[in-house]
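Trainee: I have a model open and want to learn how to read it. Where do I start?

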Amino acid sequence: MTQETERVTIRVKRYIPEGDGQPFFQDYSVPFRSDMVVLDGLIYIKDHLDGSLTYRWSCRMGVCGSCGATVNGTPRLTCETLLKDLKTPMVTVEPLYNFPVIKDLVVDIDDFMKKLQSVKPWIIRETEKPLKEGEFLQKPEEMDLYKQFSACINCMLCMAACPVYASDREFIGPATGALALRYILDTRDEGRESRLSELTGKGGVWDCTFAGDCTVVCPKNVDPARALQRLKFESINDLVKTILMPGLKK
Ligand code: SF4
Ligand code: FES
C-alpha cells in the first residue's frame, strides 16, 4: 500500500447470522489517503460499497472504546490505527477474538459486562456523610495511586489478547482486574474486601500467567498485567495481616 497506488484492499471477516451461519472473508477496494485510519476505510465501505457491513464506533477519537477489532491479527482501536502504519497492501479486519460474534465485526460483550459488575466498579462507602458536609476530598498524590488504571475505556482489546481468557472463559480477565484495582486503590473507597474476595476466587487473578499480551495491546497505557500482579500482592498482604493481626481492619 503506497500513496501512488491510491487504493487499499480491506479484507473483512464477515458473519451474517441470517445466512448459512458460516463466516467468510470479503475484499473491498478503498481509495487510500495517508491520513486514513482503519475505521475510515470501514465507513467508506458502508457508505459507498456495501451498506450491509456491520461494526461499532462512536467517538472516532479513542475515547468510547467501541471500535475495537482485530487488525492484521492484533487487537486495535480502528479509529486510531492509521492504514499507512500497517505497511501492508491488504489490511485484514476481523472481530475481536475471544468474544461470540453477533454480526460481522460486532461482538457480544455480555460476559465482560457481567464480570465488570461482579467487582463493583464504583465507590463503595460503609457509611455516607450528609451532602451538606461536602465532597470526600482527595490529595493529588492519592489520585496518582489509581490514575493510570482509571484511564481504561472498556475497549476489551486486552481481553481479546489474553491467552488465559481464550482458554478459560471463567477467568475474570485483565480489564476487570484493572478496573477493580482502580477502586481498591481509591482512598475514598471501602469496598476492598468484597472486591478482593470476588477477584481471588475461581477464575480470579491467580489464574493469570503474566503473559503480558494485555498490556502490549492496551491503547491507554493502563498496564492491566501489572494490575493483576498488584491484586495478587494485595490479596497476599491481606491474608498475612489476617493471620498475624486478626481483627485488624485492612
Ligand atoms: S485495560 Fe486497556 S485494553 Fe483493557 S479494556 Fe482498559 S483500555 Fe482497553
Ligand atoms: S470510535 Fe471511540 S474509541 Fe474508536
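Mentor: Start with contact: two residues touch when they have heavy atoms within 4.5 Å of each other. Keep in mind that this is a predicted model.

Trainee: Into which domains is the protein chain divided?

Mentor: Domain 1 covers 7-107, and domain 2 covers 110-244. Their centres, taken over C-alpha atoms, are 30 Å apart.

Trainee: How many residues of each domain are in contact?

Mentor: Domain 1 supplies 14 residues and domain 2 supplies 16.

Trainee: How do I put a size on an interface?

Mentor: Interface size is often given as the accessible area lost when the parts come together. Here, about 1100 Å² is buried between domain 1 and domain 2. Carbon and sulfur atoms give 63% of that area.

Trainee: Which residues of domain 1 lose the most area to domain 2?

Mentor: Look at P75, N98 and F99. Together they make up 51% of what the domain 1 side buries.

Trainee: What about salt bridges and polar contacts across the interface?

Mentor: The rule finds 0 salt bridges between domain 1 and domain 2. It does find 5 residue pairs in polar contact there. On the domain 1 side, strand β4 (residues 74-77) gives the largest share, 4 residues. By class, that side has 7 nonpolar, 5 polar and 2 charged residues.

Trainee: Which residues are around ligand 1?

Mentor: Among them are C152, C155, C158 and C218. P219, V222 and P224 also belong to the list. The shell divides into 10 nonpolar residues, 1 polar and no charged.

Definitions and conventions. Residues are numbered from 1 along each chain as its sequence is written. Chains are lettered from A and ligands numbered from 1 in the order in which they are written. This is a predicted model: local features need pLDDT of at least 70, side-chain atom pairs count only at pLDDT 80 or more; totals for chains, interfaces and linings use all residues. Side-chain values use heavy atoms; hydrogens and water are left out. Domain bounds come from an automatic or database domain assignment. Buried area is the accessible area (1.4 Å probe) that two parts lose on being put together, summed over both. A salt bridge is a side-chain nitrogen of Lys or Arg within 4 Å of a carboxyl oxygen of Asp or Glu. A polar contact is a pair of N or O atoms within 3.5 Å; within protein, one must be able to donate a hydrogen and the other to accept it, and residues adjacent in sequence count only if both atoms are side-chain atoms. Helices (H or I, at least four residues) and strands (E, at least two) are DSSP runs, numbered from the N terminus. Ala, Val, Leu, Ile, Met, Phe, Trp, Tyr, Cys and Pro count as nonpolar, Asp, Glu, Lys and Arg as charged, and the others, Gly among them, as polar. A residue is near a molecule or strand if one of its heavy atoms lies within 4 Å of it.
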